[in-house]
Amino acid sequence: MAPPRPTLYRDAALADMASPSLRKSVSVLVADRRITWLRPTSDEPPVPPNVRIIDAGGSTIIPGMVDAHSHLTLPGGSHWIDRGADPPEELLEVAEHNGDLLGRAGVRWARDVGSPLAVDPRDGQRRALALRVRERWRSDLDRPRVRVAGTWIGHSGVLTGGLAIEADDGPALLKAASTQLEDGADFLKLYLDGPKKEEAPWSTEDVRGVVELAHGRGAKVTAHSGFLVGARVGIDAGVDSLEHGFELDSDAVAQMARQGTFLVSTLAIFRSWASFAQTTTLPRFVSDEGKERIARRRERAIESVQLAYRAGVRIATGTDFGGGSLRANHLAWEVESLVETGLKPWEALASATMRGGELLGEPEAGRIVEGGPADFFLVHGDPLDDPTALWRVWRVAWLSESRRPASGPGT
Ligand SMILES: [Zn+2]
């Protein structure tokens, strides 16, 4: 197969988060999937003779986004929990569909924070299914770049269905962590909500043991945190990030800021649940009591992100698709939610791009630089000012023609 021709994107606006306003009239030359140069359109260097020129007038170039909280093997929707019990072969197909949705929505990187355990037919061992997805996608340049946490590690009585690894004390926790890393997990995911809402599942010392083990092997540790007691244990134990952080207080966020602990926000799930009051018949979404409960949790979650933001905590963001009810192409919804909490639109977009890259320890993720990968996409509108522009994807530079979204100007 002939290599793709170099491509020149001419006269676009650029949103690179280096400044809070767009750079206009920019041209970008792409060859071999990398950015050869990025210059003012009025000052383009000579282009190769076989170049393909794309008139990008009216569109805006954005770095490929980072969905920092995703579950690649699960579909989401209002029955998201039930779907975790589907047969592994079906979940692998779901992952392919999700890979497609992510790419077309401008998401270049997905950080998988938990997938069900399933028997690997090659050796009969049970391991996290997303590890197989990572392997499949490694050689497919169109697919999202992924980092995978393995499966959830939780206390017994919390995560049902036998999908996760259970550990009820320090030694069991260390063993579970060690098994995950040996299976090939890129980082670890602890579930810091316990069977009782007012108690953390493990002690600070137990969790610190896991953090030391993982850091010693060059891996990070993240923790699901729905309640304050668990958040406190995770922060004191030195985890690298908290997922959700639905119940933080001012002491917690101050310590996170001091230590450099990331918060990965997932606020759009409340918007999604609110929409189910209209689209489903499930009592927990449609009943007055259910709606009130969701509204209360949402308010508290928004307050937590506001506290973190004001304290200077680094905020990355994700959809929680699959492990929650969103779908894989909904990251724009989360950016909108962050703006609603008070982040400036360009800061919220930075959370969905370069902050996610920092969290992953991938300096090229979520950035556009000369010489770097051509991991950008084009939308209509100014995403530094209006997060809804992220829904209006026109082209995705890293996708092969057959996988690109249908071209259209959007509205
Ligand atoms: Zn999740």
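Author: Here is a short chat about the zinc site and a pocket. This is a predicted model, in which local features need pLDDT of at least 70, side-chain atom pairs count only at pLDDT 80 or more, and totals for chains, interfaces and linings use all residues. Residues are numbered from 1 along each chain as its sequence is written, and side-chain values use heavy atoms, with hydrogens and water left out.

Reader: OK, which protein donors does the zinc ion have?

Author: His69 (NE2), His71 (NE2) and Asp320 (OD), lying 2.0 to 2.2 Å from the zinc ion. Donors are N, O and S atoms within 2.8 Å of the metal (3.2 Å for Na, K and Ca); water is not among the atoms, so sites may look incomplete.

Reader: And how are the donor residues spaced in sequence?

Author: The pattern is H-x1-H-x248-D. His69 sits in strand E6 (residues 65–70) and Asp320 in the loop between strand E17 (315–317) and helix H11 (331–341), so the pair ties together parts that are 251 residues apart in sequence. Helices (H or I, at least four residues) and strands (E, at least two) are DSSP runs, numbered from the N terminus.

Reader: Is His69 buried or exposed?

Author: Buried, because its relative accessibility is 0%. Asp320 counts as buried too, at 6%. Buried means under 20% relative accessible area, exposed over 50%, partly exposed in between (1.4 Å probe, protein chains only).

Reader: Switching topic: what is the lining of the largest pocket like by class?

Author: It has 13 nonpolar, 12 polar and seven charged residues. Ala, Val, Leu, Ile, Met, Phe, Trp, Tyr, Cys and Pro count as nonpolar, Asp, Glu, Lys and Arg as charged, and the others, Gly among them, as polar.
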